[in-house]
Amino acid sequence: MTVYEIHSKDELSTKLKEAGNKLVVVDFFAPWCGPCKTIAPKFNNFSTTYTDVIFCKVNLEEVEGLNPEYDVTAFPTFIFIKDGKQVASFVGGNADAVEKLIQQHRGMQQQQCSGHAPQ
């Protein structure tokens, strides 16, 4: 898979609509941010590990208007969106925590459909 670089608010909206019921993980970053640079290769690797998840990156130095909508107050901020709704967020460069949230939320729809309660 790939990590989609988002260059506008409209482009992100389109990507979210295209995702349908798939989990979308959006990495809001700034190019000068040290933790953003550190976690970037791991975020890219997630896209090859979790092929049923859509991964996007938004450089908030270039894309305006998304800070208030997603309450981005620090970098990096990861927003997890499923069925058009934010289901989780995480601030910081802890790749293990981001991966746990991916694992937790990517299968929400499957768990609901199968009748098994989430653990």
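Helices (H or I, at least four residues) and strands (E, at least two) are taken here as DSSP runs, numbered from the N terminus. The structure is a predicted model, in which local features need pLDDT of at least 70 and side-chain atom pairs count only at pLDDT 80 or more, while totals for chains, interfaces and linings use all residues. Residues are numbered from 1 along each chain as its sequence is written, and side-chain values use heavy atoms, with hydrogens and water left out.

The protein chain contains 5 helices and 5 strands, and its elements follow the order β-α-β-α-β-α-β-β-α-α from the N terminus on. Of its 119 residues, 42% count as buried, where buried means under 20% relative accessible area, exposed over 50%, and partly exposed in between (1.4 Å probe, protein chains only). The chain exposes about 6600 Å², of which carbon and sulfur atoms supply 48%; accessible areas come from the Shrake-Rupley method with a 1.4 Å probe, and for residues only the protein chains shown count as cover. Among contacts (heavy atoms within 4.5 Å) with a separation of 6 or more, 68% are accounted for by residues 24 or more positions apart.

Strand β3 has 6 residues, and 6 of them are buried. I54, C56 and V58 point one way from this strand, whereas F55, K57 and N59 point the other way. In a regular strand the side chains alternate between the two faces of the sheet. C56 counts as buried because its relative accessible area is 0%. Strands are regarded as paired if DSSP finds at least two bridges between them. Strand β1 (residues 3-6) runs parallel to β3 and is joined to it by 4 bridges, with V58 in β3 as the bridge partner of I6. Strand β2 also runs parallel to β3, through 6 bridges, and D27 stands opposite K57 in β3. Between β2 and β3 the chain passes through helix α2 (residues 34-49), in a β-α-β crossover that is right-handed, a term used if, with the strands pointing away from the viewer, the path from the first strand over the helix to the second runs clockwise.

A nonpolar core is a set of buried Ala, Val, Leu, Ile, Met, Phe, Trp, Tyr and Cys residues joined through side-chain atoms within 4.5 Å. The largest such core has 17 residues, of which L12, V24, V26, F28, V58, L66 and Y70 touch the most other members. At least two residues of this core come from each of α1 (9-19), β2 (23-29), β3 (54-59) and β4 (77-82). A second, separate core of 16 residues includes Y50, F80, A95 and L101. When residues up to four places away in sequence are not counted, V24 touches L16, A19, I54, C56, I79, F80 and I81.

The structure holds 1 disulfide, defined as a pair of cysteine sulfur atoms within 2.5 Å. This disulfide joins C33 to C36, with an S to S distance of 2.5 Å, and the link is right-handed, with 80° about the S-S bond. C33 is buried, with a relative accessible area of 3%, and C36 likewise counts as buried, at 5% relative accessibility.

Residues up to four places away in sequence being left aside, H105 touches L23, K82, V87 and A88.
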